[in-house]
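Biologist: Can you walk me through this fold? Keep it brisk.

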Amino acid sequence: MINPKEIKAKVEKWWSDGSYLLSVLNNENYFPKEVPKINLVDVSKVHEEYQTIIKEQEVLKSFSKESKGFGYTLEWEEKNYQKIGRNKFVKKIVFETQNDFLKYVGREKDFVKFKDNVKLILSELEQLENWITKNPIKVVEYCDIWADLLKVCKYFINEHVPGKYYIRELPINVHTKFIELHKTVITSLLEYLIPDKIAPNSKNDFCLKFGLKDKEPSVRIRILGDDLKTGYIYNDFAIPLSSFRNKEFNASIVFITENLMNFLTLPHKQNSIAIWSGGGFNISYLANVNWLKNKSIYYWGDIDMAGFHILSQLRSYYSHTRSIMMDRETFDKFYDKGEGKPIPTVELRGLTSDEFQLYSIVREGNFRLEQEKIPQDYAVKTILNI
């Protein structure tokens, strides 16, 4: 037979799934409401389990409205059995009123806050009525911060200028980390309120989606050619990505490495610079740099699946990119039992036939030759011969 703990677990869902709150918003009668799918008396076992059944019913009764003054009401039916005579057994468990339910699940104060917040939200932004209907439990979840949430919403509706502010300097009277701490609900609200002002293809990037300035990734550059150093204060420096895109470097040759240490140890070479964008698939930062289109680009990555994926990605931006030390000769000379990290197999475009053949080999064998496993003198010789 069902017990009081199981009853509570069932009826708490009426609150947590929002069904009860939605009925309140729609002015629908939710009560009286029967507790569904309950396991009561098994008639076929009354004779064998009579004493157990009686005790279990007494426990139910002790936690019922009849005993507590609130909560569920037990509905009984009387049956006559030849061996045990006439007895009453629980037929239904019902919550008769809203107050019985709220007090039973301990949500009386939450319900008052819910009603007050609905009133507040609609008085400030009546266009959120349908949002509330779809998200009643969020009204409760953020019950203590609705005044500030509404300030944020009204700012983005009426005052926001895309690209003007970082998230922590928005001229809204909330603490500086408020929006960052509550991005999930603010995103839901703004997607509903200002769908026409959302940046396309922004996915889960809050700053991009709602037109906020954001911290930029940096690109690190080394000036390799002595002939170029007079034009720069430093020969190893990092600049914001936007500055990198807008500043053309005079070098004709550009080396791009995946590994930072290899970047740092590239040899001096006339008319050349080296770029490190953070490694791995951060290569995407280098897309759409117009001045790179006219440079001789060389990419040096690991000889493994990821390395060839990154090469393919870079070639999608700059089809004239050439690979260095990612060939069969280098692999055969220096491979030493390295294993790659499995990544999803996709069709790689832009590889040469030799590169694709080597890619197929490392993919089938899960092989990996890391750049740093290649001797420095071999790397220097290869680069200086370009």
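**Strand β8 and its sheet**

Modeller: Four of the five residues of strand β8 (residues 296-300) are buried, so β8 is largely enclosed by the rest of the structure. Buried means under 20% relative accessible area, exposed over 50%, and partly exposed in between, with a 1.4 Å probe and protein chains only. Strands (E, at least two residues) and helices (H or I, at least four) are DSSP runs, numbered from the N terminus.

Biologist: What kind of model is it, and what are the ground rules?

Modeller: This is a predicted model: local features need pLDDT of at least 70, side-chain atom pairs count only at pLDDT 80 or more, and totals for chains, interfaces and linings use all residues. Residues are numbered from 1 along each chain as its sequence is written, and side-chain values use heavy atoms, leaving out hydrogens and water.

Biologist: How many bridges join β6 to β8, and do they run parallel or antiparallel?

Modeller: Five bridges join strand β6 (residues 253-257) to β8, and the two run parallel. Ile253 stands opposite Ser296 in β8. Two strands pair if DSSP finds at least two bridges between them.

Biologist: And β8 to β9, how many bridges there?

Modeller: Two, joining β8 to strand β9 (residues 322-323), again parallel. Tyr299 stands opposite Ser323 in β9. From β8 the chain crosses through helix α15 (residues 305-317) to β9, a right-handed β-α-β crossover. Right-handed means that, with the strands pointing away from the viewer, the path from the first strand over the helix to the second runs clockwise.

Biologist: What is the strand order in the sheet?

Modeller: The order is β5-β4-β7-β6-β8-β9, an open sheet of six strands with mixed pairing. β5 (236-240) and β9 stand at the edges with a single partner strand each, so one side of each lacks a neighbour in the sheet. Helix α15 packs on the sheet, touching β6, β8 and β9, and its direction makes about 165 degrees with that of β8. Contact means heavy atoms within 4.5 Å.

Biologist: Switching topic. Where is Gln57?

Modeller: Gln57 is in helix α3 (residues 50-62). At 3% relative accessibility, Gln57 counts as buried. Its side chain reaches the backbone nitrogen of Val90 at 2.8 Å.

Biologist: Which residues does Leu125 touch?

Modeller: Leu150, Cys153, Lys154, Ile157 and Leu193, not counting residues up to four places away in sequence. Leu125 lies in the loop between α6 (108-124) and α7 (129-134). Leu125 counts as buried, at 6% relative accessibility.

Note on methods. Axes fitted to C-alpha atoms, helices over the stretch in contact; angles between N-to-C directions. Polar contact = N/O pair within 3.5 Å; in protein donor to acceptor, adjacent residues only side chain to side chain.
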